[in-house]
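Biologist: I would like to learn how to read contacts between side chains. Could you take me through a structure step by step?

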Amino acid sequence: MRTFQTILIEGDALTPIVKLNRPDKLNAINLLMIEELTAAFTDFGEAFARACAPRAVILIGAGEKAFVAGADLAHMNGMGSDAATRFSETGHRLGQLMERSPFPVIAAVNGFALGGGLELALCADFMLASERARFGLPEVTLGLIPGFGGTERLARRVSLGLAREMVFSGRNLNASEAFAAGLVNAVVAPESLLERALEAAGRVRVAAPLAVAKAKELLNADLEGHHAAAFAREARAFGGLFQTADAQEGMSAFSEKRVPAFTGT
C-alpha cells in the first residue's frame, strides 16, 4: 500500500479505514486530498478484482472536531473560472469512483461535514453520525454553489424541499435532524462511532462479496444515467461563479472572519 500526505489507511485488508488526515485544517479538502483519495479507491478497486477484498471501506475524519469542514478556501481563493471548473470535475470523478466501487463505502461522520465534506459523505453508500456531527452546504454564503455533486446527491437522500432549503440558505442540520431527515442511518455517542462503523462493515464482510457488488451496481443503476450531465452542469456553474465579485467577496470575508457584503455582481 502506498503512503499519502493527506489521508491514512488503517484497519485491515477486508475493512480498510480511510482517515482524512488534516486535523489542523479541520480536514479541509484540497486538490491533493482528492487525488490521494482517488488513488486509494483505485487501489481498493484493483484489490477487489484480484481477491474480492476489501469487503467494505470506512471513511472518517482525523480528530474530534470534523469529518471534513469543507473545501480548503486557501486553496480555492484566487482560482480562476477554468481552474475552479477543473477542481469541481476532479471532485466529481472521485465521487463517481466511490459510487461505482464494488464494495460498500461507509462514512462515519464525527464532527463537521460541511460543503465539500458533506458532498464527500454523500458519495458513500450510507452514513453513521456522532452526536456532535453537523451537516450543511454553506456555499451560497460564500457566493458559490456546491461543486462536488451536492446539487445532485443531496435531494436523493432527503426530501427535495429540505435539500432546496439547505442549498439555498446554507442551513445546517444537527445529528438528530439529519437522522430524522434520512440523511444518516444512525446517531451514536462520539466514542462509539468507529466501533459502530466497524460493526456495520462486519455485517457486510460476511456476505457474499460478488452478490454485494452486484446489489450495489443495481441499486445505483437508476442514478447513473442522470449523473454525468448534471455534474457537467454543476462544474460549469461552479467555475462560472468564480468570475463574480460576490464569490471573491464571500471567500475573502470568510478568511477575514467578517460578514460579506454581497452586491449581486
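Modeller: Gladly! Please keep in mind that this is a predicted model.

Biologist: Which residue does Asp125 meet in a salt bridge?

Modeller: The partner is Lys216, with 2.9 Å from N to O. Asp125 sits in the loop between α4 (116-122) and β7, while Lys216 belongs to helix α9 (residues 209-241), so this contact ties together parts 91 residues apart in sequence.

Biologist: Is Lys216 buried or exposed?

Modeller: Lys216 counts as buried, because its relative accessibility is 6% and the cut-off for buried is under 20%.

Biologist: How many salt bridges are there by this rule?

Modeller: The count comes to 14. One of them joins Asp12 and Arg205, whose closest N and O atoms are 3.4 Å apart. Asp12 is in the loop between β1 (7-11) and β2 (16-20) and Arg205 is in helix α8 (residues 193-205), so parts 193 residues apart in sequence are tied together. Asp12 is partly exposed at 39% relative accessibility, and Arg205 is partly exposed at 27%.

Biologist: What about Glu64 and Arg132?

Modeller: Their side chains form a salt bridge as well, at 3.9 Å from N to O. Glu64 is exposed, with a relative accessible area of 60%, whereas Arg132 is partly exposed at 46% relative accessibility.

Biologist: Now for the rings. How is a pair of aromatic rings described?

Modeller: You give the distance between the centres and the angle between the planes. By the rule used here, there are 6 aromatic pairs. Among them, Phe44 and Phe103 are edge-to-face, with 6.3 Å from centre to centre and 80 degrees between the planes. Phe44 is in helix α1 (residues 31-51) and Phe103 is in the loop between α3 (81-100) and β5 (105-109), so this pair links distant parts of the chain, 59 residues apart.

Biologist: Are Phe44 and Phe103 buried or exposed?

Modeller: Both Phe44 and Phe103 are buried. Another edge-to-face pair is Phe87 with Phe148, at 5.2 Å centre to centre and 75 degrees between the planes. Phe87 lies in helix α3, and Phe148 lies in the loop between β8 (134-136) and α5 (150-153), 61 residues apart. Phe87 is buried, with a relative accessible area of 3%, and Phe148 counts as buried at 8%.

Biologist: Which residues do ring pairs link into a cluster?

Modeller: The cluster consists of Phe41, Phe44, Phe48 and Phe103.

Note on methods:
Residues numbered from 1 in each chain as written. Predicted model: local features only at pLDDT ≥ 70, side-chain atom pairs only at ≥ 80, totals over all residues. Heavy atoms only, no water. Phe/Tyr/Trp six-rings, centres within 6.5 Å; stacked < 30°, edge-to-face > 60°. Helix = DSSP H or I, 4+ residues; strand = E, 2+ residues; numbered from the N terminus. Buried < 20%, exposed > 50% of the residue type's maximum accessible area, 1.4 Å probe, protein only. Salt bridge = Lys/Arg side-chain N within 4 Å of Asp/Glu carboxyl O.
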